[in-house]
Amino acid sequence: MVQKSRVYGEDIDPRYGNSFISNKNAVATPNELASMAANQILIKGGNAIDAMVTANSVLGVVFPHMTGAGGDSFWLIYDAKTGKRHALNATGHSGKNVTRDQFNREDGMDIRGAKAVTTVPGAVSGWIEAHERFGKLPLKDCLEPAIDYAYNGFPVGDSLAKFSESALTLLRTYPSTAKVYLKDGVAPYIKGDILKNPDLGKTLEKIAVHGKDAFYKGEIADMVTAFLQKNGGLLTREDFANHKAEWVEPVSVEYGDRKVIAPPPNSAGMVTLQILGMMDHLDITSLIGQEEKFIDYFTRATAFSFMDRDQYLDDPAFNKVPTDILLSKEYFEERVKKMHDPSLGPPENGYAKKGDTTFSCAVDEEGNAVGVIQSLYWEWGSGFVAEGTGMMLQNRGAYFSLDPKAHNTLEPNKRPAHTLTCSMVFKDDKPELVVGAMGGDGEPQTQALIIMRILNQHYSVQEAIDAPRWLLGRTWGDDIRGLRLESRYDKEIAKKLEELGHINVSMVENFSDLMGHAQAIRIWPDRLESGADPRAGGLAIGN
């Protein structure tokens, strides 16, 4: 049965037009297998933290082009027992021997290969740290679904098949990678093929039995660092042994009668909050029905936020990020006054970065709420698998600058600035919405937009995710600057945006991957309303 969208009037598949409604708990991820595995953990008596350990470990097996144990993550957790909000920084530092002099300033950071692996993977430390503090079920139970898929195989989905084909040259470059992610080391897996990764199964088993030390101080660390150094990599066993995830205070902003929180720097959480803070100083309701004006204001707020991100975002252990000023009402008021200052030029002239990610979220019947953003950075990360681990390693360090005067300049033992962020909305000190999205520059834009669509324009969660989106800047592995809109928008809107001073405005396909993959859960007094992005084939499910 086909129905009409309440918001845009186009025919939509009812699987994507309606939010998933549940009474006790809910989970949403960009992959059906990960969502179902996490939901089973909830059914077995696990809580939202257990479910997110399961979801993110499974994603590393079945969604390996975007995320995995070889990447980084940030967590947002609301602990219902204490009413406290927590952020967990599970991102890795650069190696103690990694310096700018090891890279060619003209060529920039290495993007792929062993030398691109300049930071220690932090995701596993996030799984274990969150689980040790808040989990209910044994860690081995939470990791068992991922281990099973790794050993016994899983059917390749649309996203993995598409990104395997598009990255075929990269996957063939390194024999250890080709062995794992190409059929017979040569051909890409296509949709429906069964992919097995027993080496990754062994890696996850070691983590399940021996915990964090297996990854950072034991055999896994030995295998990864020895193979990296053999191939010109820079990380050492000591770099792994010195890594730990850190509990940090979320940053926040008032938005209407709500408070929105996000992970602090080195996360780009402040970008989402800045967009919301500026838009909160406008009469949003007056823009309903004038989509081009809404997009115009939103993208100008985004451009201001990107300028601040590119100038200030850094590892706060090296340079303090002035979030107290950048997230103040006075600063937002000043920015809004300059939104249409002709001397600043069009917002499309702003800076842009690259990235890829997965976002997953869960809420349990105890009231705990969790959002996890986990990533390899670019699709397929470094493209480099350490022999015997089955694990794709990230290239997050490619985000560092080689300019010694830049805040985010490469230095030893430093965390890079991160595109990764997710958000949680509170009303009367209780969580109301957990939301996040992958997609480089699109992450903060999509999160802020979905929050506004739900709170200000009264979309359902699934409608807010499904509705056409836009992207200012770049997404993963992409060099195009400008403003792109999904083709469900009327082409007249593009023309009107150009009349409002925008440049490089173009249209892309409907439900485009370029717009990222978003998931969200809204918490009502009597129910949970969740949604997952059709752009990834995600699934929202619960009980």
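Let me start at asparagine 97, which touches Gln102 and Thr236 once residues up to four places away in sequence are set aside, where a contact means heavy atoms within 4.5 Å. Asparagine 97 lies in the loop between β6 (84-90) and α4 (123-134); helices (H or I, at least four residues) and strands (E, at least two) are DSSP runs, numbered from the N terminus. Across the fold, asparagine 97 and leucine 234 are 137 residues apart in sequence and yet 7.0 Å apart in space, C-alpha to C-alpha. At 39% relative accessibility, asparagine 97 counts as partly exposed, because that class sits between buried, under 20% relative accessible area, and exposed, over 50%, with a 1.4 Å probe and protein chains only.

Before I go further, a word on what we are looking at. This is a predicted model, in which local features need pLDDT of at least 70 and side-chain atom pairs count only at pLDDT 80 or more, while totals for chains, interfaces and linings use all residues. Residues are numbered from 1 along each chain as its sequence is written, and side-chain values use heavy atoms, with hydrogens and water left out.

The average pLDDT, that is, the predictor's confidence in each residue from 0 to 100, is 91 for the protein chain, and 94% of the residues score at least 70. Over residues 1-16, however, the pLDDT is below 50, although this stretch has 33 contacts in the model beyond near neighbours in sequence. Residues 351-355 also have a pLDDT below 50, and for this stretch the model shows 33 contacts beyond near neighbours in sequence. Where pLDDT is low, the predicted coordinates should not be read in detail.

Now the chain as a whole. The protein chain has 19 helices and 25 strands, and its C-alpha atoms fill a box of roughly 60 × 55 × 45 Å, taken along the principal axes. How does the radius of gyration of the protein chain stand against that of a compact globule, and what are the two values? With 543 residues, a compact globule would have a radius near 24 Å, and the 22 Å of the protein chain agrees with this; the radius is taken over C-alpha atoms, and the globule rule is 2.2 Å times the number of residues to the power 0.38. Buried residues make up 64% of the 543 residues, and of the contacts with a separation of 6 or more, 71% are between residues 24 or more positions apart.

Helix α13 (residues 269-279) is mostly covered, with 11 of its 11 residues buried, among them Gly269, Thr272, Gln274 and Met279. In helix α6 (residues 158-166), the buried residues include Ser159, Leu160 and Phe163, and what covers the buried residues of α6 includes α3 (48-62), β7 (154-155), α7 (168-173), β9 (187-188) and β10 (194-195).

Asparagine 266 lies in the loop between β13 (258-262) and α13.

Which residues other than glycine have a positive phi? One of them is aspartate 428, with phi near 55 degrees, found in the loop between β18 (422-427) and β19 (430-437) and exposed, with a relative accessible area of 66%. Another is phenylalanine 511, with phi near 50 degrees; this residue lies in the loop between β22 (505-508) and β23 (518-523), and at 30% relative accessibility phenylalanine 511 counts as partly exposed.

Glycine 501 lies in the loop between α19 (491-499) and β22, is partly exposed at 34% relative accessibility, and touches Arg300 and Pro346, not counting residues up to four places away in sequence. Glycine 501 and proline 342, 159 residues apart in sequence, are 9.0 Å apart in space, C-alpha to C-alpha. Asparagine 242, in the loop between α12 (237-241) and β11 (246-248), counts as exposed at 55% relative accessibility, and its C-alpha atom is separated by 8.8 Å from that of lysine 217, 25 residues apart along the chain.
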